[in-house]
Amino acid sequence: MSTEPAIRVEGLVKRFGDRTVVDHVSMDVNRGQITGFLGPNGSGKTTMIRVMCGLLTADGGTGTVLGYQLGRDTRRIKSEIGYMTQRFSLYEDLTIRENLAFVAGLYGLRPLRKVVDEVLEGLGLSSRQHQLAGALSGGWKQRMALAACVMHKPRLLLLDEPTAGVDPKARRDFWEEIHHLAAGGMTVLVSTHYMDEAERCHFVNYISYGKLVASGTVEEVIAHAGLTTFLLEGEMEKVTAAERMLRGMPGVAETAPFGTSLHVVGRDAAALKDSVQHVAAETGTRMSATETSLEDAFIRFMSEAQDNMA
Amino acid sequence: MSWFSLRRLRALLRKEVIQMRRDRITFAMMIGVPLMQLLLFGFAINNDPKDLPAALVAPTQDRYSRAIVTALEMTGYYRFDHITSSAAEAEALIERGAVSFVVTIPSDFDRRIDKGDNPQILIEADATDPAVASGAISTLGQVASEALLHESGQEAEAADAARSQLEVVVHRRYNPEGVTQYNIVPGLLGVILQMTMVMMTSMALTREVERGTMENLLAMPATGLEIMLGKILPYLGVGAVQVALVLSAAKALFGVPFVGSLWLLLTGVFIFVLSLVLLGYTISTAARTQMQAMQLTFFFFLPSLLLSGFMFPYRGMPVWAQVLGELFPLTHFLRMIRAVMLKGADLTNVSAPMAALVVFVLAYAGIALTRFRRTLD
């Protein structure tokens, strides 16, 4: 039982009309881990998560969540997982306390008053408990939403882009909380398109246009991309000129400027090296080899997927 | 996990009541709208207008004409503002709307009566609004012939005596004075309830969808039945307040008689309100936005107002319209409340409309529960 993954889906398909949003995706989410779910906007992340918590019915494929059959044991699944929606979906016209009491009531938590008191205290919102939830800032709303969906101590937590529109400090605190929950034995699946967040996950799945493109640890995913990366450094004009020259040269797949440096990424290491050396000499920029980042790998996956679509 | 849990229902109910209370404008409307409608409609609508301006064209002012005029005025419908001998002048009066009726008594009227011929009177009514004239016309023939009967008695003295004690009898059962309010006010209760109950509940789910809270609600372990009950039950409370308000006003302001059993009436009202909130909830399972819910509600309102017998007499409609009218809870409610309040009907007399209302409750609940989308598909 404990070795069985928290989520296992096989060949999952979801269509909206004639648009296939999730296209035969198979993946596991291991127990006790934080699994990142990555992909560009519109890649099907939210749809996948909704299928996994029973909010959408799949058009094909099978799956189990916490050992329960997807599409059959929906109500059991709902009562044992926590799901935090992308958009704030608690009631803005209820106070913080009333919202928490509502959620606690639906999960049948007792004694209600004490449970809510504890959560409020844990959040540090006891003094503001009678404020309307709509009056909270984005960061507080997000913390409150997280508190609301872990109140009933679910074994599995699904988070759909939880940190969208939240400042860096709040994001860091949020991730600390997630690691804390995972350390307590909770399995977490979190969708994001922030690379620094992906790097905080034990395991990542990359989905693009409804297809699973890569999965593994961060290192495995980077290695899987099979990319070589060079760094060109110099004054701004030189770097800009170098980027313009590199475009379309043999071996060059992607270029990405970072201030006064330029990441040049390619699959064919030898050809890439020739091109970069040539450009470095021409523009007078310094060249060095560097490690491929997760972002480089994902940008590559994205453009490859786009090429496949075309 | 069970299909129904009181604890979950309590959480849903508490949330709905708080939200309802906090939405001040809507809450004020739920109490204010009924009061306003009741006062406006109760005092303004009159299907049986009286004291209508009329013109009399009588070339000869004989005793028969005078008797008829007196008798007509005594019905309360006619007020002879203009007495003239010129048909053209009367024609002009009715044309510009100064009078609703022109009563023409021909010059050979008394001679024909004395000879025993069939005398004729011409009544021209401004029928642009048929409702205005109908009551007045309906009494006319009877009144006139009675007046003449008295007046053409053999002896002159007897005729004079008869004229002084001329009595006009208009017989209307259940509403002896023909007071429109007796009919309108109980009907208004139905219309007001229908308006507020259906509209409020029709937005129950669409509001959650539009505010984005539906996703979270569905992700939590609440069943369709619990969500439905949580949404509709608070409105039964609002309905109870409206019922108390309208019934008290009916008694205190309009003096509507109340001859039947209060408990029977309240039972009927309860079933009716239940059918309304369920109908509203059904609409909200079908609509995707609050706007659509509103449109669907109005799509339902108009025919139910027109075909239920609230605005126009049910029996006056063609058969197909009557059949359509049967499809609205309001139709059955009107039959029930008028029978109980005005006629003192007991359960056996109103079992048919009561049963119809129960059918609506079951049908709407069934449709709503099967239509309710447990997923976001």
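These legends go with close-up views of a predicted model.

**View 1. Helix 2 of chain B, end to end.** This helix takes in residues 24-44, which makes 21 residues. At 1.5 Å a residue it should span 30 Å, and its end C-alpha atoms sit 29 Å apart, so the two figures agree.

**View 2. The bend in helix 2 of chain B.** Look for Met30(B): the helix bends there by about 30°. A proline, Pro34(B), comes along within four residues. Both Met30(B) and Pro34(B) are on the helix's list of buried residues, together with Val33(B), Gln37(B), Leu38(B) and Gly42(B).

**View 3. The open sheet of chain A.** Six strands line up here in the order 6-7-8-3-9-10, and their pairing is mixed. Strand 6 (81-84) and strand 10 (211-216) take the edges; each has a single partner strand, so one side of each has no neighbour in the sheet. On average, neighbouring strands of this sheet are turned by 15° against each other, ignoring direction.

**View 4. Strands 7 and 8 of chain A, zoomed in.** Strand 7 (residues 156-160) and strand 8 (residues 187-192) run parallel, joined by 5 bridges.

**View 5. Two helices lying across strands of chain A.** Helix 5 (residues 138-150) lies across strands 6 and 7, running at about 160° to strand 6. Helix 8 (residues 218-225) lies across strand 9 (203-208) and strand 10, and its angle to strand 10 is about 120°.

Technical notes: Residues numbered from 1 in each chain as written. Chains lettered and ligands numbered in written order. Predicted model: local features only at pLDDT ≥ 70, side-chain atom pairs only at ≥ 80, totals over all residues. Heavy atoms only, no water. Expected span 1.5 Å × (residues − 1). Bend = angle between axes of the 7 residues up to and from the residue. Buried < 20%, exposed > 50% of the residue type's maximum accessible area, 1.4 Å probe, protein only. Pairing = 2+ DSSP bridges. Axes fitted to C-alpha atoms, helices over the stretch in contact; angles between N-to-C directions. Contact = heavy atoms within 4.5 Å.
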